[in-house]
Amino acid sequence: MSRKPYPTDAPQRHHDLRQVFNALRWLVRAGAPWRMLPNDLPPWETVYQQTRRWLQAGCFEAMASDLRSIIGVAQGRQ
């Protein structure tokens with residue numbers, strides 16, 4: 001699979017992806033709506049847009065699959 005080169009005029013990130021992921025974790029844990037994110041986390045619009053990108057890319061399914069594999073190996077399954 002070949003990747004397209006990143007455009008040179010693409011906007012740069014204003015927020016660390018780790019902080020965006022932490023905001024998403026907070027939302028899931030709190031069961032809160034997007035707009036209720038605390039002010040010490042990135043803006044809800046940023047978190048929402050990045051979450052949509054991750055969902056479209058299948059990131060969460062891949063993480064769940066990897067975790068199932070790790071647990072299986074830890075339990076002695078192949």
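The questions below ask how the terms applied to this predicted model follow from its computed values.

Local features need pLDDT of at least 70, side-chain atom pairs count only at pLDDT 80 or more, and totals for chains, interfaces and linings use all residues. Residues are numbered from 1 along each chain as its sequence is written, and side-chain values use heavy atoms, with hydrogens and water left out.

Q: What makes the pattern of the protein α-α-α?
A: Helices are DSSP runs of H or I with at least four residues, and strands are runs of E with at least two, numbered from the N terminus. The protein has three helices and zero strands, which gives α-α-α along the sequence.

Q: Why is Thr51 called buried?
A: Buried means under 20% relative accessible area, exposed over 50%, and partly exposed in between, with a 1.4 Å probe and protein chains only. Thr51 has 7%, so the residue is buried. Thr51 lies in helix α2 (residues 44-57). Of the 78 residues in the protein, 15% are buried.

Q: What does Thr51 touch, not counting residues up to four places away in sequence?
A: A contact means heavy atoms within 4.5 Å. On that basis Thr51 touches Leu24, Trp34 and Phe60.

Q: Why is the pair of Phe21 and Trp54 called edge-to-face?
A: Rings of Phe, Tyr and Trp (its six-membered ring) pair if their centres lie within 6.5 Å; planes under 30 degrees apart count as stacked, over 60 as edge-to-face and the rest as tilted. By this rule there are three aromatic pairs. The centres of Phe21 and Trp54 are 6.1 Å apart and the planes stand at 75°, so the pair is edge-to-face. Phe21 lies in helix α1 (residues 17-30) and Trp54 in helix α2, so this pair ties together parts 33 residues apart in sequence.

Q: Are Phe21 and Trp54 buried or partly exposed?
A: Phe21, at 26% relative accessible area, is partly exposed. Trp54 has 14% and therefore counts as buried.

Q: What makes Trp34 and Tyr48 an edge-to-face pair?
A: The ring centres of Trp34 and Tyr48 are 5.1 Å apart, and the angle between the planes is 90°. Trp34 lies in the loop between α1 and α2 and Tyr48 in helix α2, so the pair links parts 14 residues apart in sequence. Trp34 counts as partly exposed at 29%, and Tyr48 is partly exposed at 36%.

Q: Which residues do ring pairs link into a cluster?
A: Phe21, Trp54 and Phe60 are linked in this way.

Q: What makes up the largest nonpolar core?
A: A nonpolar core is a set of buried Ala, Val, Leu, Ile, Met, Phe, Trp, Tyr and Cys residues joined through side-chain atoms within 4.5 Å. The largest one has eight residues: Val20, Ala23, Leu24, Leu27, Leu37, Leu41, Val47 and Trp54. The elements giving two or more residues to this core are α1 and α2. The largest share, four residues, comes from α1.

Q: What does Val47 touch, not counting residues up to four places away in sequence?
A: Val47 touches Val20, Ala23, Leu24, Leu27, Trp34, Leu37 and Pro42.

Q: Why is Leu67 called exposed?
A: Leu67 has a relative accessible area of 52%, so the residue is exposed. The place of Leu67 is in helix α3 (residues 59-74).
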